Amino acid sequence: LKKCIYLYKTKKINYYLNKRLETQIGYFNKRADVLERQDSRFRLIFKIFFILGSVFVLFQLIINNTILKSYDVFQIMNIIILLFILCLPIFIFTVRTLRSSTEVARNASLYRAKRNALVDFRNRLSNEIEQDPHNWDVIIKILWECENHLEAVNREWFRIMKEAEWTV
């Protein structure tokens with residue numbers, strides 16, 4: 001009977017590891033990856049705007065400081081380049097505001113941290129299961145800490161959703 005109870009408890013803990021923890025780890029990992037890709041796109045846009053601004057300024061200097069400024073075609077091109085140079089900060093500010101409003105980098109870090117905490121719980125639980133005489137008090141404590149962590153994550157999500165309801 002003790003052997004059956006022991007196998008039953010071990011089977012339940014393995015089920016918890018595979019279904020609860022691995023599913024949550026996969027979810028947090030997926031969300032962090034998506035947000036990190038979005039953040040890298042924003043960073044790429046900033047780099048492109050910076051390079052464009054530098055190139056436009058270089059063209060502006062070349063046109064203004066050479067014989068090219070005497071030609072009408074280059075004067076028109078000079079005005080167009082100047083307009084682009086003046087519009088670039090507005091575009092950059094728009095993209096930066098969009099990035100700040102969605103807090104992509106911060107959210108990616110939070111999801112990665114939550115995933116890392118669950119990986120730590122999984123590793124601790126796996127190590128305890130591998131011990132030949134199971135220390136059930138430690139196993140229950142790890143499960144309790146893990147569930148409290150997941151509950152706190154869920155509570156935080158509800159708090160954020162409640163604050164965001166005004167937009168609906």
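A residue counts as buried under 20% relative accessible area, as exposed over 50%, and as partly exposed in between (1.4 Å probe, protein chains only). At 14% relative accessibility, Lys 114 therefore goes down as buried. Keep in mind that this is a predicted model, where local features need pLDDT of at least 70, side-chain atom pairs count only at pLDDT 80 or more, and totals for chains, interfaces and linings use all residues. Residues are numbered from 1 along each chain as its sequence is written, and side-chain values use heavy atoms, leaving out hydrogens and water.

**Around Lys 114**
- Lys 114 lies over the face of Tyr 111, 5.6 Å from the ring centre (the cut-offs: NZ of Lys or CZ of Arg within 6 Å of the ring centre and within 35 degrees of the ring normal).
- Leaving aside residues up to four places away in sequence, Lys 114 touches Phe 28, His 149, Val 153 and Glu 156 (contact means heavy atoms within 4.5 Å).

**Aromatic rings**
- The whole structure has 5 aromatic pairs (ring centres of Phe, Tyr and Trp, taking its six-membered ring, within 6.5 Å; planes under 30 degrees apart are stacked, over 60 edge-to-face, the rest tilted).
- One of them is the tilted pair of Phe 28 and Tyr 111, with 5.8 Å centre to centre and 40° between the planes.
- Phe 28 sits in helix α1 (residues 2-64) and Tyr 111 in helix α3 (residues 104-130), so this pair ties together parts 83 residues apart in sequence (helices are DSSP runs of H or I, at least four residues, numbered from the N terminus).

How values were computed
Helices (H or I, at least four residues) and strands (E, at least two) are DSSP runs, numbered from the N terminus.
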